[in-house]
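Subject: Structure handover

Dear colleague,

Here is the structure I said I would pass on.

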Amino acid sequence: MRRLVFVLNGPNLNLLGKRQPHIYGHETLADVEKSVRDLAGELKLEIRFHQSNREYEIIDWIHEARETSCGIIVNPAAFTHYSVAVLDALNAYDHPVMEVHISNVHKREEFRHHSFVSSRADGVIAGFGTQGYLLALRRVAFLVDQKAK
Ligand code: DQA
């Protein structure tokens, strides 16, 4: 299996670093991508890193990942809380899925407490800031290595 991991980011995450920094911090999505790529190099994983404000693009990338990848790390952002379509796409994916939220969604408004994606995710990380992406990547690497043994 190809050691390729898709890292998918939903709406408004293009504004990371500028958007509500008291909640999401000062790092930009480009900073996150760099950290993810650096760690992926150590873990001998390849990365496809994407962000979109359009639900169908996230779905199309999940479909693409079905054919090519060994794991998905997804921060679906607001789609988390209402997108059955993103859940359905992930349900058609056979490898590890890690759901990441920069903020602790459980400490925030009640509408953020429910995630459609969590019923498919193999792991959920919330409230670890942008470090959550790196923890999720380590977990995917661990699961992929374990499977290869
Ligand atoms: C988020 C949390 C979501 O509730 C919110 O809609 C986001 C970002 C996070 O990373 O903390 O856009 O997924």
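Which residues of strand 3 are buried on one side, and which on the other? The model is a predicted one, and in it Gly 71, Ile 73 and Asn 75 are buried on one side of strand 3, while Ile 72 and Val 74 are buried on the other, so that both faces are covered.

Next, the pairing. Strand 1 and strand 3 run parallel and are joined by five bridges; Asn 9 has Asn 75 as its bridge partner in strand 3. Strand 3 also pairs with strand 4 (residues 97-101), again in the parallel sense, over three bridges. There, Ile 73 stands opposite Met 98 of strand 4. Together with helix 4, strand 3 and strand 4 form a β-α-β unit that is right-handed.

Then helix 3. Its 14 residues (55-68) should span 20 Å at 1.5 Å a residue, and the C-alpha atoms at its ends lie 21 Å apart, which agrees. The buried residues of helix 3 are Ile 58, Ile 59, Trp 61, Ile 62 and Ala 65. Viewed down the helix axis, the buried residues fall within an arc of 160°, so they line one face of helix 3. An α-helix has 3.6 residues a turn, so residues three or four places apart point the same way. Tyr 56 and Glu 67, on the other side of helix 3, are exposed.

What do the buried residues of helix 3 pack against? Their partners are strand 1 (4-9), strand 2 (46-51), strand 3 (71-75) and helix 4 (84-91).

Regards

Conventions
Residues numbered from 1 in each chain as written. Predicted model: local features only at pLDDT ≥ 70, side-chain atom pairs only at ≥ 80, totals over all residues. Heavy atoms only, no water. Helix = DSSP H or I, 4+ residues; strand = E, 2+ residues; numbered from the N terminus. Expected span 1.5 Å × (residues − 1). Buried < 20%, exposed > 50% of the residue type's maximum accessible area, 1.4 Å probe, protein only. Arc of directions from axis to C-beta. Contact = heavy atoms within 4.5 Å. Pairing = 2+ DSSP bridges. Right-handed = clockwise from strand over helix to strand, strands pointing away.
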